[in-house]
Amino acid sequence: MKYLLVIGDGMADNPVPRLGNKTPLQAASIPAIDRMAARGTVGSAVNCPSPLPAGSETAILSIFGCDPRNYFSGRSPMEAAAAGIRMLPGDAAFRCNLVAFEDGDMPLEEKRLLSHSAGSIDGPSALETMDALLGNPRFTKALAEMRLEIHRFPAFRQLAVQHDSDLSGTRFIPPHDHLGEKAGPLFPAGNRQAEPFATLMRLAHEILDHHPVTEKRRAAGKLPANGIWLWAEGTAMELPSFRKQYGMDGAVVSAVPLCHGIGVLRGLEMVEVEGATGELDTNFSGKLEAVWEKLNQYDFVCLHLEAPDECTHNGDLPGKLQAIEWLDSKLVSPLLERLEKAGLDHRVLLLSDHKTLTATRGHDPAPVPFLLYDSRRDSGSGSVYDEPAGEAGPFVESGWTLLDMLFEKRNS
């Protein structure tokens with residue numbers, strides 16, 4: 001038996017007026033997924049239990065079989081694990097996004113946050129921007145005074161680790177949930193420990209706003225990477241062994257460090273695909289071949305697609321629809337065809353980790369639809385895969401039990 005977990009990040013949504021009050025899942029053409037839904041079970045699950053963050057850091061932890069109320073200690077430690085960054089006792093990790101603030105002569109506090117990803121900045125440009133920042137003596141001095149190290153990566157997602165850190169009472173806010181808002185009220189706050197982080201963000205903007213690498217992006221008609229945003233704080237964490245819990249090994253195919261990091265902490269193989277970006281331009285064919293290769297090596301593989309979430313954050317509704325349709329046509333459909341042609345019995349769990357709302361461009365903790373399919377059986381449900389179908393089906397209050405359902409350790 002082969003077990004396939006498919007996560008379409010942020011593809012669940014609420015009705016959108018521009019789509020005739022349909023959700024993107026209802027409006028998209030997803031025949032392969034709907035064929036599974038017609039023969040399988042469609043329900044809804046809570047992956048982001050209150051009061052934890054409504055985001056992938058909580059939801060994917062749930063989907064991978066870990067109750068986030070027991071294991072969640074922050075998003076960044078999971079991303080650090082994917083990057084091979086060793087955290088020591090007393091260390092805290094942070095996501096350090098490259099972001100775009102609006103142009104203008106007003107103080108940074110008055111500027112609106114335009115993009116949590118500096119306009120989906122490409123890898124070479126991200127590295128060039130980080131080199132400009134880390135090469136500035138004022139910035140490196142500030143880092144040293146804070147006992148903070150920034151690890152650079154070819155994406156908007158940078159990582160920072162602070163040694164001898166005390167985060168108690170400090171509030172950090174996710175940038176993607178506050179796009180279009182003034183930056184000042186969103187800065188790190190809550191106590192005296194927060195001020196050095198806010199000061200560092202102001203300094204980064206001062207250095208980058210009119211730096212040649214930033215002006216080059218403006219001249220090319222791109223959003224400027226004219227700042228950083230520190231958030232997703234967390235301390236070192238451990239997760240239970242996937243093999244001990246479920247009796248098998250497996251692999252995770254994703255372009256996102258968070259998803260890889262959870263897999264690594266669970267003891268699963270991290271599979272990186274060349275050209276996999278986490279955006280709509282990701283290497284779909286490469287991801288397809290990677291999943292198929294690992295399905296021939298393991299009984300369990302997770303396929304994660306970030307593009308629906310990023311398109312929603314970017315306000316790109318057509319892109320979100322395209323991402324959902326390409327998940328169906330370029331990944332799910334050919335994988336099912338190959339499994340069937342090879343005569344391999346298979347069970348599939350497909351779902352959105354959380355809702356990402358077109359209306360707000362932010363995350364939402366509401367239940368999301370899941371689809372459970374078994375190639376050996378026809379439930380006769382005749383269902384489709386979307387939010388109303390999920391609400392009409394079985395309700396799973398604890399999303400961390402979904403893998404038990406996939407592996408037939410409990411009934412749906």
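User: Before looking at single residues, what does contact mean here?

Analyst: Contact means that heavy atoms lie within 4.5 Å. In this predicted model, Phe64 touches Leu5, Ile7, Tyr246, Val252, Cys259, Ile262, Gly263, Arg266, Leu268, Cys302 and Leu403, where residues up to four places away in sequence are not counted.

User: Which residues touch the most other members of the largest nonpolar core?

Analyst: That core has 79 residues, and those touching the most other members are Leu5, Phe64, Phe300, Leu350 and Tyr385. Helix α14, residues 317-341, gives the most to this core, contributing 10 residues. There is also a second, separate core of 44 residues, which includes Leu186, Ala225, Trp229 and Ala232.

User: How should I read the strands, and what is their order in the open sheet?

Analyst: In general, the strands of a sheet pair through backbone hydrogen bonds, in either a parallel or an antiparallel way. Here the open sheet has eight strands in the order β9-β8-β10-β1-β11-β14-β2-β15, and the pairing is mixed. At the edges stand β9 (269-271) and β15 (395-396), each of which pairs on one side only. Within the sheet, β8 (residues 250-253) and β10 (residues 300-305) run parallel and are joined by four bridges, and Val253 has Leu303 in β10 as its bridge partner.

User: Which strands does helix α12 lie across, and which does helix α2 lie across?

Analyst: Helix α12, residues 284-295, lies across β1 (2-8), β8, β9 and β10, and runs at about 165° to β10. Helix α2, residues 31-39, lies across β2 (41-45), β11 (346-351) and β14 (368-374), running at about 75° to β14.

Notes
Residues are numbered from 1 along each chain as its sequence is written. This is a predicted model: local features need pLDDT of at least 70, side-chain atom pairs count only at pLDDT 80 or more; totals for chains, interfaces and linings use all residues. Side-chain values use heavy atoms; hydrogens and water are left out. Two strands pair if DSSP finds at least two bridges between them. Helices (H or I, at least four residues) and strands (E, at least two) are DSSP runs, numbered from the N terminus. Axes are lines fitted to C-alpha atoms, for helices over the stretch in contact, and angles run from 0 to 180 degrees between N-to-C directions. A nonpolar core is a set of buried Ala, Val, Leu, Ile, Met, Phe, Trp, Tyr and Cys residues joined through side-chain atoms within 4.5 Å. Buried means under 20% relative accessible area, exposed over 50%, partly exposed in between (1.4 Å probe, protein chains only).
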